[in-house]
Amino acid sequence: MDTLTKVSLLINIFVFLMILKKLYIISHHGKIIINANKSRFWARFSVIFWIVLIILWCILGYSNYMHSTYYSILLAVLWIEISIFNIVRDLHKSEIRENGIYGSGHFYNWSKVQSYSWILPTTIEFEVNTFFKTNYSFEFIIKEELKSKVNETVQKYVHS
């Protein structure tokens with residue numbers, strides 16, 4: 001096995017472990033209180049897009065398997081893993097959950113949320129501490145009928 005194939009194998013293992021970590025985290029975030037994803041159309045489009053790419057990479061991997069190019073097979077598997085990771089990430093873009101919030105593709109425990117404020121009648125801004133940046137902020141657009149539930153939830157968990 002040449003060096004490039006070994007490196008590809010290690011990268012595949014690393015990405016697979018990232019997927020497992022993401023799935024573990026999602027399973028321990030508690031139930032969804034509010035799903036503030038902006039558009040179900042774009043979420044569905046994104047999932048369909050990644051599934052089509054997975055199918056194409058499966059075909060590419062199979063054709064490379066027939067020609068015994070292990071590096072190309074591992075590369076196809078890597079792209080499949082990245083696609084699966086993106087599907088999982090895209091399904092959880094903006095959510096308020098029992099144990100924290102998803103914002104900008106990342107999960108923040110309630111202990112990381114520094115403050116929140118309503119910047120528009122239906123737009124809430126969260127300020128969070130991250131590993132590299134302090135006071136990082138992002139916004140959720142909330143449906144009017146869910147505003148009281150969001151208020152109740154964030155008042156319960158955010159102590160600013």
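In this predicted model, Lys147 lies over the face of Trp118, at 4.9 Å from the ring centre. Helix H4 comprises residues 147–157, and strand S5 comprises residues 113–120. Helix H4 lies across S5 and S6, and its direction makes about 155° with S5.

**The three-stranded sheet**

Strands S5, S6 and S7 form an open sheet in that order, with antiparallel pairing. Strand S5 (113–120) and strand S7 (136–141) each have a single partner strand, so one side of each is left without a neighbour in the sheet. From one strand to the next, the twist averages 25°. Strand S6, made up of residues 123–128, pairs with S7 in the antiparallel sense, and six bridges join the two. Glu127 has Ser137 in S7 as its bridge partner.

**The four-stranded sheet**

A further open sheet has four strands in the order S1-S2-S3-S4, again with antiparallel pairing. Its edge strands are strand S1 (32–35) and strand S4 (106–109), each of which pairs on one side only. Neighbouring strands of this sheet are turned by 20° against each other on average, direction ignored. Helix H4 packs on this sheet as well, touching S1 and S2, and the direction of the helix makes about 130° with that of S1.

Within the sheet, strand S2 (residues 95–97) and strand S3 (residues 100–103) run antiparallel and are joined by three bridges. Glu95 stands opposite Tyr102 in S3.

| Strand pair | Sense | Bridges |
|---|---|---|
| S6 (residues 123–128) and S7 | antiparallel | six bridges |
| S2 (residues 95–97) and S3 (residues 100–103) | antiparallel | three bridges |

**The salt bridge**

Side chains of opposite charge can pair when their charged atoms come close. How many salt bridges does a search of the whole structure find? The search finds one. Glu95 forms a salt bridge with Arg97, and the closest N and O atoms are 2.8 Å apart. Both Glu95 and Arg97 are buried.

**Aromatic side chains**

The count of aromatic pairs comes to eight. One of them joins Phe49 and Trp50 in an edge-to-face arrangement, at 5.2 Å centre to centre and with 75° between the planes. Is each of these two residues buried, partly exposed or exposed? Phe49 counts as partly exposed because its relative accessibility is 39%, a value between the limits of 20% and 50%. Trp50 counts as buried because its relative accessibility is 16%, which is under 20%.

Tyr108, Phe126, Tyr136, Phe138 and Phe140 form one aromatic cluster. Strand S4 covers 106–109, strand S6 covers residues 123–128 and strand S7 covers 136–141.

**Tyr62 in helix H2**

Tyr62 lies in helix H2, which comprises residues 40–66. Tyr62 counts as exposed because its relative accessibility is 53%, a value over the 50% limit. Tyr62 and Ser72 are 10 residues apart along the chain, and their C-alpha atoms are separated by 9.8 Å.

How values were computed
Residues are numbered from 1 along each chain as its sequence is written. This is a predicted model: local features need pLDDT of at least 70, side-chain atom pairs count only at pLDDT 80 or more; totals for chains, interfaces and linings use all residues. Side-chain values use heavy atoms; hydrogens and water are left out. A salt bridge is a side-chain nitrogen of Lys or Arg within 4 Å of a carboxyl oxygen of Asp or Glu. Buried means under 20% relative accessible area, exposed over 50%, partly exposed in between (1.4 Å probe, protein chains only). Rings of Phe, Tyr and Trp (its six-membered ring) pair if their centres lie within 6.5 Å; planes under 30 degrees apart count as stacked, over 60 as edge-to-face and the rest as tilted. A charge sits over a ring if NZ of Lys or CZ of Arg is within 6 Å of the ring centre and within 35 degrees of the ring normal. Two strands pair if DSSP finds at least two bridges between them. Axes are lines fitted to C-alpha atoms, for helices over the stretch in contact, and angles run from 0 to 180 degrees between N-to-C directions. Contact means heavy atoms within 4.5 Å.
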